[in-house]
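Subject: The structure I promised you

Hi there,

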Amino acid sequence: MNDLSEFVVLNDTTLTTDSRRVAKHFKKLHKNVLRAFDQLDCSDEFRRLNFEPTLIEVPGPNGSTRMERIVRMTKDGFVFLAMGFRGSKAARIKEAYILAFNAMAEQLQRIGMSLWDQRLELEKKDATSFMWASFGSKLMLNRKHELPDIRETRERLQHDMEPGLFPTTATTH
């Protein structure tokens, strides 16, 4: 798991990771990460805001499934948990993880409302074009010429509105 985008996920509107991902990243047994979580000495309020213990269904022997406990956690929860891990690898991963969270949070803020405004204008243009096209063949021909641009712009806006962990090279549209 060298790509930290596999480590940080968007859960509703919150950036999170979970105890299985932490175990895999730190090359620890999952039960040891859960034990570290169980032994955290944090306030009930911090625990409630930053950790979500849950059960997930995982493959078992012979095609069966079983329930396994995992803990979803916010950036703050992860940092609190990971501060107890030791070693140079743990230090490098903690630094990279913090950078990854910050990069994704920055990217989400940059998206802002301007993309939504552009998308709303495009949808209005598309609806107007469709409406006028229904009134006659000349207007339908105009719609036929406008449609590729509308589709291309919609795809670009959709791509720009979907956050990625690592920004790609900027392109000018």
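Let's begin with the largest nonpolar core, which has 24 residues. Those with the most contacts inside this core are Val8, Val22, Phe26, Met73, Phe78, Leu81 and Phe85. Keep in mind that this is a predicted model. H5 gives the most, with six residues. There's also a second, separate core of five residues, among them Leu115, Ile150, Leu157 and Met161. As background, nonpolar side chains in soluble globular proteins tend to be buried together.

Now click on methionine 73. Setting aside its neighbours within four places in sequence, methionine 73 is in contact with Leu15, Thr16, Thr17, Asp18, Ser19, Val22, Asn50, Phe51, Phe78 and Leu81.

Next up is H1. Which residues of helix H1 (residues 19-26) are buried? They are Ser19, Val22, Ala23, His25 and Phe26. These cover an arc of only 165° around the axis, so they sit on the same side of H1. At its start, a side-chain oxygen of aspartate 18 comes to within 2.9 Å of the backbone nitrogen of arginine 20. After H1 comes lysine 27, with a positive phi near 55°.

Last stop: threonine 13, in the loop between strand E1 (9-11) and strand E2 (14-18). Is threonine 13 buried or exposed? Threonine 13 is exposed, because its relative accessible area is 75% and the cut-off for exposed is over 50%.

Definitions and conventions:
Residues are numbered from 1 along each chain as its sequence is written. This is a predicted model: local features need pLDDT of at least 70, side-chain atom pairs count only at pLDDT 80 or more; totals for chains, interfaces and linings use all residues. Side-chain values use heavy atoms; hydrogens and water are left out. Buried means under 20% relative accessible area, exposed over 50%, partly exposed in between (1.4 Å probe, protein chains only). Helices (H or I, at least four residues) and strands (E, at least two) are DSSP runs, numbered from the N terminus. The arc is that of the directions from the helix axis to the C-beta atoms. A polar contact is a pair of N or O atoms within 3.5 Å; within protein, one must be able to donate a hydrogen and the other to accept it, and residues adjacent in sequence count only if both atoms are side-chain atoms. A nonpolar core is a set of buried Ala, Val, Leu, Ile, Met, Phe, Trp, Tyr and Cys residues joined through side-chain atoms within 4.5 Å. Contact means heavy atoms within 4.5 Å.
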